[in-house]
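Grab your viewer and work through them one at a time.

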Amino acid sequence: MKGDLFSSQHVVQPAVAPGMSVENAKCVKYAVDGEMYARQGAMVAYRGDLRFERKGQGVGGMLKRAVTGEGLPLMAVRGRGEAWFAHEAQNCFIVDVEPGDQFTVNGRNVLCFDASLSYEIKTVKGSGIAGGGLFNSVFTGQGRLGLVCEGNPLVIPVSAQAPVYVDTDAVVGWTTHLQTSLHRSQSLGSMLRGGSGEAVQLMFQGEGFVVVRPSELTPQKNQQH
């Protein structure tokens, strides 16, 4: 067969080492040699001797998911082979988590991750009830984390002198040493006149980075996740 479809740009190459890599802008490849985790339904192709099993969250995880709605439905992938993961043709990125790091990420942006990483669903500090129930997954340990994002994310540095304010529907994740709180940027008078549509943001203070998607979450997308 000939044509652009069969050029080196599209034909996958064998993995040279176990682990995660970006196959292209919309897909992550994972060379499995043992075990790894991915969001349920994210596998688009595989080869080799692999098994896919639903990963239980335990009683505590199930309760958190029922209360928060943030649950991270996962599957364990075990064996030896190569698997490709994607989600709704969203852009894919990889984060290297080092010992002592803590990366907080919205569950809807998680694609796959190494079994050496641990995660826990936690309340976003300072969000309160007014934040609509903000809960994210906090990853720790050492390993790689594959993320998806609609469009190319903005990675905004945060410093003590320059806090950053992010729409609660647009935030993807943030690094260890950032503190969060709710910030109201709209006056009572503006709210009474119908509002600007930008009443409440999540304020980040400290030293680190916040990752933002280049659009707000639409009601349809919110229901799907």
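**Exercise 1.** Find how many disulfides the structure holds, then look at where cysteine 27 stands.

*Solution.* Keep in mind that this is a predicted model.
- Step one: the count of disulfides is zero.
- Step two: for cysteine 27, the nearest cysteine sulfur belongs to cysteine 92 and sits 6.3 Å away. A disulfide needs the two sulfur atoms within 2.5 Å, so cysteine 27 is in no disulfide.

**Exercise 2.** Work out whether cysteine 27 and cysteine 149 are buried or exposed.

*Solution.* The cut-off for buried is under 20% relative accessible area.
- Cysteine 27 comes out at 11%, so it counts as buried.
- Cysteine 149 has 3%, so it is buried as well.

**Exercise 3.** Count the aromatic pairs, then classify the one formed by phenylalanine 113 and tyrosine 119.

*Solution.* There are six aromatic pairs. For phenylalanine 113 and tyrosine 119, the centres are 6.0 Å apart and the planes make an angle of 70°. Planes over 60 degrees apart count as edge-to-face, so that's the label here. As for accessibility, phenylalanine 113 is buried at 1%, while tyrosine 119 is partly exposed at 22%.

**Exercise 4.** Do the geometry for phenylalanine 113 and phenylalanine 139, and say which strands they sit in.

*Solution.* 
- Geometry: with centres 5.0 Å apart and planes at 75°, this pair is edge-to-face.
- Location: phenylalanine 113 lies in strand S7 (residues 110-114) and phenylalanine 139 in strand S9 (residues 135-141). They're 26 residues apart, so the pair links distant parts of the chain.
- Burial: both phenylalanine 113 and phenylalanine 139 are buried.

Technical notes. Residues are numbered from 1 along each chain as its sequence is written. This is a predicted model: local features need pLDDT of at least 70, side-chain atom pairs count only at pLDDT 80 or more; totals for chains, interfaces and linings use all residues. Side-chain values use heavy atoms; hydrogens and water are left out. Buried means under 20% relative accessible area, exposed over 50%, partly exposed in between (1.4 Å probe, protein chains only). Rings of Phe, Tyr and Trp (its six-membered ring) pair if their centres lie within 6.5 Å; planes under 30 degrees apart count as stacked, over 60 as edge-to-face and the rest as tilted. Helices (H or I, at least four residues) and strands (E, at least two) are DSSP runs, numbered from the N terminus.
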